[in-house]
Amino acid sequence: MHTFLLRVGLVGQNSTDTVDKVKQLLKESLKKDFGNSNRVLRERMDHKLVNIFGSDAHFHLWVDAMWKSSTPEKKSFFVNIMVKDKKHIIITAEYKEIKNLKDLAAMVVARCFKDKEDVDKLEDVPKCLFDDIKEFL
């Protein structure tokens with residue numbers, strides 16, 4: 001079992017709302033089967049980015065795959081969107097293997113939160129798990 005940890009690396013002059021929409025689109029695109037292909041992922045996103053940016057003349061999308069040569073099936077993805085007059089949005093989707101119950105529990109709990117600060121308010125969860133939960137946000 002695995003998931004992808006999404007991290008925004010660059011927003012350019014794009015609004016937080018726009019970047020959040022792009023991140024959500026990437027998250028949804030990764031949930032559906034894409035054969036672990038950056039080409040399929042790019043095509044899936046390209047069609048839907050028009051709903052965010054308007055015309056496809058306003059943006060260019062690149063999706064590159066990265067992996068270790070010993071484990072080519074464990075791909076991470078680097079998404080780069082050049083937005084006309086607003087610079088780049090860069091988001092990484094890092095492959096994260098779910099190896100044990102601790103990882104699975106942290107991933108499920110993280111889905112209930114939007115901000116890392118909210119995790120610190122948990123009372124019934126051991127504090128030693130906070131960093132694991134935050135990793136999935």
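I take contact to mean heavy atoms within 4.5 Å, and buried to mean under 20% relative accessible area. I need both for helix H3. The model is predicted.

**Entry: confidence**
I checked pLDDT before anything else. The protein averages 90, and 100% of the residues score at least 70. I then went through the elements. Helix H4 (residues 116-119) has the lowest mean, 84. Strand E3 has the highest, 95.

**Entry: helix H3**
Which residues of H3 are buried? I looked through residues 101-110 and noted Asp-103, Ala-106, Met-107 and Ala-110. Seen down the helix axis, these buried residues fall within an arc of 100°, so they line one face of H3. What do they pack against? I found E1, E4 and helix H5 (130-135). I also looked at the start of H3. There, a side-chain oxygen of Asn-100 comes to within 3.2 Å of the backbone nitrogen of Lys-102.

**Entry: strands**
I traced the pairing of E4 next. E1 and E4 pair in the antiparallel sense, over 8 bridges. Leu-10 has Ile-90 in E4 as its bridge partner. E3 and E4 also run antiparallel, joined by 7 bridges. Here Met-82 is bridged to His-88 of E4. The hairpin of E3 and E4 has 3 residues between the strands. In this hairpin I noted Asp-85, which takes a positive phi near 65°.

**Entry: cores**
I looked up the largest nonpolar core and found 24 residues in it. Leu-26, Leu-30, Phe-77 and Ile-81 have the most contacts inside this core. The elements giving two or more residues to the core are strand E1 (2-10), helix H1 (16-31), helix H2 (38-53), strand E2 (59-66), strand E3 (76-83) and strand E4 (87-97). Which gives the most? H1 does, with 5 residues.

Not counting residues up to four places away in sequence, Leu-26 touches Leu-6, Leu-41, Met-45, Val-79, Ile-91 and Ala-93. Another core, of 11 residues, lies apart from the largest one. Ala-110, Leu-122, Phe-130 and Phe-136 are among its members.

**Entry: Phe-113**
Where is Phe-113? I found this residue in the loop between H3 and H4. Leaving aside neighbours within four places in sequence, Phe-113 contacts Asp-118, Val-119, Leu-122 and Leu-137. I also checked Ile-133, 20 residues from Phe-113 along the chain. The C-alpha atoms of Phe-113 and Ile-133 are separated by 9.5 Å.

Notes
Residues numbered from 1 in each chain as written. Predicted model: local features only at pLDDT ≥ 70, side-chain atom pairs only at ≥ 80, totals over all residues. Heavy atoms only, no water. Core = buried A, V, L, I, M, F, W, Y, C linked by side-chain atoms within 4.5 Å. Buried < 20%, exposed > 50% of the residue type's maximum accessible area, 1.4 Å probe, protein only. Helix = DSSP H or I, 4+ residues; strand = E, 2+ residues; numbered from the N terminus. Arc of directions from axis to C-beta. Polar contact = N/O pair within 3.5 Å; in protein donor to acceptor, adjacent residues only side chain to side chain. pLDDT = per-residue confidence, 0-100. Pairing = 2+ DSSP bridges.
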